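The following paragraphs lead a new reader through the structure shown here.

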Amino acid sequence: MQYAILCYHDEKVTCAWSKQHDDEIMAKLGAVMEKHKSKLGPVARLLPTTAATTLRKDRDPPLVIDGPFAETKEQFLGFYVVDCATLDEALDFARELAAVNPGGAYEIRPVAAFYPDKAAS
Amino acid sequence: MTGDGWISDVIVAARPQAMAALVRYFRDLDAAEEAFQEACLRALRAWPKNGPPRDTAAWLVMVGRNAGIDRVRKNQRMRPLPPDDQISDLSDVEETEALRIDEADYRDDILRLLFVCCHPDLPATQQIALALRIVSGLDVRQIARAFVVSEAAMEQRITRAKSRIAAASVPFEAPGAVERSERIGAVAAMIYLVFNEGYTTNVAEHGAKAPLCAEAIRLARLLLRLFPTEPEIMALLALLLLQQSRSAARFDADGAIVLLEHQDRASWDRRLIAEGLALVDKAIRRRRPGPYQVQAAIAALHARAATFAETDWQEIALLYGTLEVMQPSPVVTLNRAVAVSRTRGAAEALTLIEPLAGKLAAYFYFHGARGAFLKELGRDDEARTAFGRAIALANTPAEAAHIRAALDSLSRTDKTR
């Protein structure tokens, strides 16, 4: 089963990290990813929500809005896709990530369909 | 979570919001600062036991406000505040409080706090110092270090700025649309000042001044979160990020300035560039051009060029032309001339800047650029004079060293002729 691990954190906190602190955390996360690379799918870190644009498609024509879809206290800042036999295994992976990157939350969400290469449909 | 480092991270993030609300409540910077500090002390005691509250800013505002009122009561020999472990359990109060001070209130609060710091009665250096102290929460020692002055002198500067603010009395009502947009403009200019104070430096002071650039970027992010649809604020943040992306490439091992032309582009920070370019893109879509957008677009063209030779000077010259119309200034014309020298040659560039000689007589970059144009045209004696003036006007030893290198290369080519 594939799980998406969705990363939420207060970007006011993460954006205030010094470059050095940011680099340290990225290096530690990199080590965790390296350890589990055989079961790891795509991983992405997103730019802050100030860089986001939202297309509201609940009307016709859709409306383009500056900023994220939802104003929340913690923002969606990135994700991992990981192949695990059980939810517990996915939780363990998330716990390892959390140990080196405290604060915020990980949402563990089973993947319904996955298209690793563009040609697949 | 390991250690209590997270608490200071959370407090730093909540500071502008909390301070802004406390300033509205007490209508006095010192009283708000004292209340905030008291709230932070209580947070450090309460949060490790109870965990952070759901809305940290609202917690700090509540506790700070109570502490402030308590101080007044104490002075009047009245009943003290309940013990910490009682007040730290604020869940009920917090709910209603959070409802009352929602994001929209905070928005004008924070804008007012930022605006207070860039009051026109304050000279630029005081504006920056005050913003760093009040909004960013840097301590006086850190700010003094960044300005290369003594702590006592900085303390005095901040105190003086505060009393000027108190005397000037900024209105506390929510601003109207026109006033709000004027405030946004003034705050943007102040943020750019903070950045430039940190960016205009030599290698020796680079370490001490670097926090100013980081703070400016943080303030620009804050302003953009408050006004997410303002293209000029998107562009301000983009401009700062794009300039900051080159910071690792700006000095060589000996501490000399490395010009854009010779910078190692591999050491530019790609993540900052990606964010800067994304913001420029977003801003331009709004089709409401402004000076920060033009400047950010110029910075974006430099960031997009894989090598110096691939720089789109034609477009940069056009953009400086646009900026000249929006914000006429001899410095902008000088920058356009530099771009023009790359596309249409030094002779045309020289013609462009000759009329500026009076206005820019005391400007280091004018003589540096003029020297470079003259040198390119083979007018070595005049170039030598121009470089000499530039050295005399250099702001930092690194700038002087750079011009001296240009002078030396002039002497060398002389000998080989």
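**From the chain contact to single residues**

Between the two chains named here, 16 residues of chain A are in contact with 21 residues of chain B. On the side of chain A that touches chain B, the classes come to seven nonpolar, five polar and four charged residues. The model is a predicted one.

Chain B has 417 residues, of which 41% count as buried. Its secondary structure consists of 20 helices and zero strands.

Chain B is divided into domain 1 (5–101), domain 2 (103–168 + 177–222), domain 3 (229–311) and domain 4 (323–417). Where domain 1 of chain B meets domain 2 of chain B, twelve residues of the one are in contact with twelve residues of the other. On the domain 1 side of this contact, helix H1 (5–26) and helix H2 (29–50) of chain B each supply at least two residues. The largest share of that side, nine residues, comes from H1(B). By class, the residues on the domain 1 side are eight nonpolar, one polar and three charged.

Helix H2 of chain B also holds B:Trp47. This residue is partly exposed, with 19 other C-beta atoms within 10 Å; a residue counts as buried at 20 or more. Apart from its neighbours within four places in sequence, B:Trp47 is in contact with B:Ile7 and B:Pro52. B:Ile7 lies 40 residues away from B:Trp47 along the chain, yet their C-alpha atoms are separated by 7.6 Å.

The next step is a pair of helices. Two packed helices are described by the angle between their axes and the distance between the axes. In chain B, the axes of helix H10 (residues 177–199) and helix H12 (residues 231–244) come within 11 Å and cross at roughly 5 degrees. Angles under 35 degrees count as roughly parallel, and H10(B) and H12(B) are therefore roughly parallel to each other. From H10(B), the residues B:Ile184, B:Ala188, B:Ile191, B:Tyr192, B:Phe195 and B:Tyr199 meet B:Glu232, B:Ile233, B:Leu236, B:Leu240 and B:Gln243 of H12(B). The residues of this contact divide into nine nonpolar, one polar and one charged.

Which residues have the most contacts inside the largest nonpolar core? They are B:Ile191 and B:Ala238, in a core of 122 residues. Helix H11 (residues 203–226) of chain B gives the largest share of this core, eleven residues. Leaving aside neighbours within four places in sequence, B:Ile191 is in contact with B:Ala216, B:Leu219, B:Ala220, B:Leu223 and B:Leu236. A second, separate core has eleven residues, including A:Tyr80, A:Cys84, A:Ala94 and A:Tyr106.

Helix H11 of chain B also contains B:Ala208. Is B:Ala208 buried or partly exposed? B:Ala208 has 16 other C-beta atoms within 10 Å and is partly exposed, since a residue is buried only if 20 or more such atoms lie within that distance. Beyond its neighbours within four places in sequence, B:Ala208 is in contact with B:Arg145, B:Ala146 and B:Val148. B:Ala346, by contrast, is 138 residues from B:Ala208 along the chain, and their C-alpha atoms are separated by 38 Å.

Conventions. Residues numbered from 1 in each chain as written. Chains lettered and ligands numbered in written order. Predicted model: local features only at pLDDT ≥ 70, side-chain atom pairs only at ≥ 80, totals over all residues. Domains from an automatic or database assignment. Contact = placed C-beta atoms within 7 Å. Helix = DSSP H or I, 4+ residues; strand = E, 2+ residues; numbered from the N terminus. Nonpolar A, V, L, I, M, F, W, Y, C, P; charged D, E, K, R; others polar. Axes fitted to C-alpha atoms, helices over the stretch in contact; angles between N-to-C directions. Parallel < 35°, antiparallel > 145°, perpendicular 65-115°, else oblique. Core = buried A, V, L, I, M, F, W, Y, C linked by C-beta atoms within 7 Å. Buried ≥ 20, exposed ≤ 12 C-beta atoms within 10 Å, placed from the backbone.
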